[in-house]
Amino acid sequence: MDAGHNEERRTIIQVKHLTKRFEKLTVLDDISIDFREHEVVSVIGPSGGGKSTFLRCLNLMEQPTSGQILVDGVNICDKHIDINRHREKMGMVFQQFNLFNNMNVIKNLTAAPVKLKKMSKEEAEDKAITLLRRVGLEEKVHSYPSELSGGQKQRIAIVRALMMNPEVMLFDEPTSALDPEMIGEVLDVMKELAHEGMTMIVVTHEMRFAREVSSRTLFLSDGHVEEDKPSHELFDHPESPRLVSFLQKVL
């Protein structure tokens, strides 16, 4: 992915003066930033720096204290907006897989598109099987979550988000709950999505993914975006002392 061609790309999400406070604690402090189509942006930084809160504000799972979030030019913080319609544009993948344990894989994948997108059951099942094939899990179509490994569950969770045809995929530390040997299989699926041009915003501890797969990396610390650069530049020439010290600890 070449970050140099951003100028021609459509801006999908604009964040303007986003602030989030929990009582007296300011977790995000006046953040303004844009995300463009086909970009893969990694968000890195110390624990407690506001990364997950930032991601959750983007689809209003956390309500910002102030500021605006524009998705395709529409301010989704506006009370009159049908937030569910805008959430459909953003697939979300969490640390914990959030699959329904009482449903098998195909049911987990087809429930939302049939209900919310008014897709026919046949159409949804066809799409689910095509996507399962892409992530190498076609044979798990009738399995239940309890029969799957962590890496398999997370790949199913990614497919579930893709079932809604999102414009953007948000990933909140998608590999942090996985055993080391399963991390690769999930990152491979994410790399494939990046390669196909999916717009992705990824909160991650996986520095290699940030450096090699994402076009841009943001360093978020104490509620501020300290650096926002093409990934190779941010890793090779960190400027802020906080980022230098963070990278020394994690690389």
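Predicted model: local features only at pLDDT ≥ 70, side-chain atom pairs only at ≥ 80, totals over all residues.
Contact here means heavy atoms within 4.5 Å.

**View 1. The six-stranded sheet is open, with mixed pairing.** Reading across, the order is β6-β7-β8-β3-β9-β10. β6 (90-93) and β10 (224-230) sit at the edges with a single partner strand each, so one side of each has no neighbour in the sheet. From one strand to the next, the twist averages 15 degrees. Helix α5 packs on this sheet and touches β6 and β7, with its direction at about 165 degrees to that of β6.

**View 2. Strand β7 has parallel pairings with β6 and with β8.** On one side, 4 bridges join β7 to β6, and M92 has L170 in β7 as its bridge partner. On the other pairing, β7 (residues 168-172) and β8 (residues 199-203) share 5 bridges. Look for V168 here: T199 in β8 stands opposite. As for the side chains of β6, M90 and M92 point one way while G91 and V93 point the other way, and all are buried.

View 3. The crossing of α3 past α5 is right-handed. On the α3 side the meeting residues are V105, N108 and L109, and on the α5 side they are I156, V159 and R160. Sorted by class, that contact has 4 nonpolar, 1 polar and 1 charged residues.

**View 4. The buried residues of α3 pack against two helices, α4 and α5.** V105, I106, N108, L109, T110 and P113 are the buried residues in α3. Their packing partners are α4 (121-134) and α5. Just past the end of α3, K118 takes a positive phi of about 55 degrees.

**View 5. N108 is a buried residue in helix α3.** Buried means under 20% relative accessible area, and N108 has 2%, so N108 counts as buried. Which residues does N108 contact, leaving aside neighbours within four places in sequence? They are L99, F100, M103, P145 and R160. V159 is 51 residues away along the chain, yet the C-alpha atoms of N108 and V159 are separated by 9.9 Å.

**View 6. A four-stranded open sheet has antiparallel pairing.** Its order is β2-β1-β4-β5. The edge strands β2 (25-36) and β5 (74-75) each pair on one side only. Between β1 (residues 11-22) and β2 there are 8 bridges, in the antiparallel sense. One of the pairs to pick out is K20 with its bridge partner L28 in β2. Helix α1 (residues 51-58) packs on this sheet, touching β1, β2 and β4 (66-71). The direction of α1 makes about 125 degrees with that of β1.

Key: Residues numbered from 1 in each chain as written. Heavy atoms only, no water. Left-handed = near helix turned anticlockwise from the far one by under 90°. Nonpolar A, V, L, I, M, F, W, Y, C, P; charged D, E, K, R; others polar. Pairing = 2+ DSSP bridges. Axes fitted to C-alpha atoms, helices over the stretch in contact; angles between N-to-C directions. Buried < 20%, exposed > 50% of the residue type's maximum accessible area, 1.4 Å probe, protein only.
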